[in-house]
Amino acid sequence: MLTQFPQALTIAGSDSDGSAGMQADLHTFFRRHVYGASVLTACVAGNSYGIHDAVNLPTEFIDNEFKDLAEDYHIRASKTGMLSDSTLINTVVNNYQQYDLGPLVVDPVITTKHGNVLLEEEAYTTLRDELIPLATVITPNFFEAQKLAEMEINDEAGMETAAQKLQDLGASNVIINGRHDSEDQLEVADFVLLESGKSFWLRDPYHHTDRVNGTGDTLSACITAELAKGNDIESAIRIAKKFVNIAIQNEIIVGHKFGPINHWAPEDEI
C-alpha cells in the first residue's frame, strides 16, 4: 500500500519567495495530486525584486538526502532544477545512477527567459555531457536550446533542427519552449520531439504579464507529476503545457515586482 500513491522527486534549490525553484515544483506536485519529495541542493535569498544571496549545500548532505529517500519512498519520477556548479551536477548524476528514481525530467537551467547566462562554462559542459544523457525529457527555453544546439534559431524550422540536436546529446524526448519576450507577439509556440520520432507544435496565446516567475520549473514539474501517475510522455507534456498556460493567464498578485504564476488556477480546467 505504501508504494501505490504516486510520489515524485524534485532535485533543486529553495527559492525563499516561493515563486520558483523547489517551491514551485512542490506547488505543482500538490496541485496535480502527487506526493512531492525533495533533495535540496542550494538555498537562495530573494524576493520579487531579485536574488540577493545564495549558498550550495554540502555534497555529503545531498548524498544523505538521496539515500534516505531511496530507502523509504517509491519515487516514480524525478526532475532537476537549477544546479549551479559542476560539483553539484556530478553529485546529482552519481546519485540518480545509484538509485531507482524513475524517469528523469531535466530542466536545463542555463539562461533566463530573456537570455541572461546563469551557468559558468565548466558547469554548462558538465550538465550537457553528464546530466542530459540521463534525461527522459528535457525542457529548455528558447535561449537554452540555442546554447545546447550550438546554433541560432531564427524560425520554426530552426527549432525543429535544434530539437533533433538535443536528442543527439542523449535526451530521449524534447520540448523547446518558444520565445515569449516580445510585447508584439500574439502566441507562444513550443516544439515537441518524441523518442518515437513523432513531433508536434503546442501553441497558446501570449499573455502580457510580469507574473511569470517559475514558468519553466512548473512545466517540468507538471511533466514529472504526470509521469509519476503513469501517463505517457506525450500526454504528460500536453497536460503540463495547458497547466502552465492557465496558471499564467490567471494572475495572482504576490510581491511588488516580478511575481509568480498562479498554481491554484488550473485545477478545474484540466
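This is a predicted model: local features need pLDDT of at least 70, side-chain atom pairs count only at pLDDT 80 or more; totals for chains, interfaces and linings use all residues.
Helix 2 covers residues 59-72 and helix 3 covers residues 86-98. Their axes come within 10 Å, and the crossing angle is roughly 25°. Because angles under 35 degrees count as roughly parallel, helix 2 and helix 3 are described as roughly parallel to each other.

The contact between these two helices involves T59, I62, D63 and F66 on the helix 2 side. On the helix 3 side, the residues are T87, L88, T91, V92 and N95. By class, the contact of helix 2 with helix 3 comprises 4 nonpolar, 4 polar and 1 charged residues.

Helix 3 also packs against helix 4, which spans residues 121-131. The axes of helix 3 and helix 4 come within 8 Å and cross at roughly 15°. Helix 3 is therefore roughly parallel to helix 4. The crossing of this pair is right-handed.

In the contact of helix 3 with helix 4, helix 3 contributes S86, I89, N90 and V93. These residues meet E122, A123, T126, L127, E130 and L131 of helix 4. The residues of this contact divide into 5 nonpolar, 3 polar and 2 charged.

Note on methods
Residues are numbered from 1 along each chain as its sequence is written. Side-chain values use heavy atoms; hydrogens and water are left out. Axes are lines fitted to C-alpha atoms, for helices over the stretch in contact, and angles run from 0 to 180 degrees between N-to-C directions. Helices (H or I, at least four residues) and strands (E, at least two) are DSSP runs, numbered from the N terminus. Angles under 35 degrees count as roughly parallel, over 145 as roughly antiparallel, 65 to 115 as roughly perpendicular and the rest as oblique. Contact means heavy atoms within 4.5 Å. Ala, Val, Leu, Ile, Met, Phe, Trp, Tyr, Cys and Pro count as nonpolar, Asp, Glu, Lys and Arg as charged, and the others, Gly among them, as polar. A crossing is left-handed if the near helix is turned anticlockwise from the far one by less than a right angle, and right-handed if clockwise.
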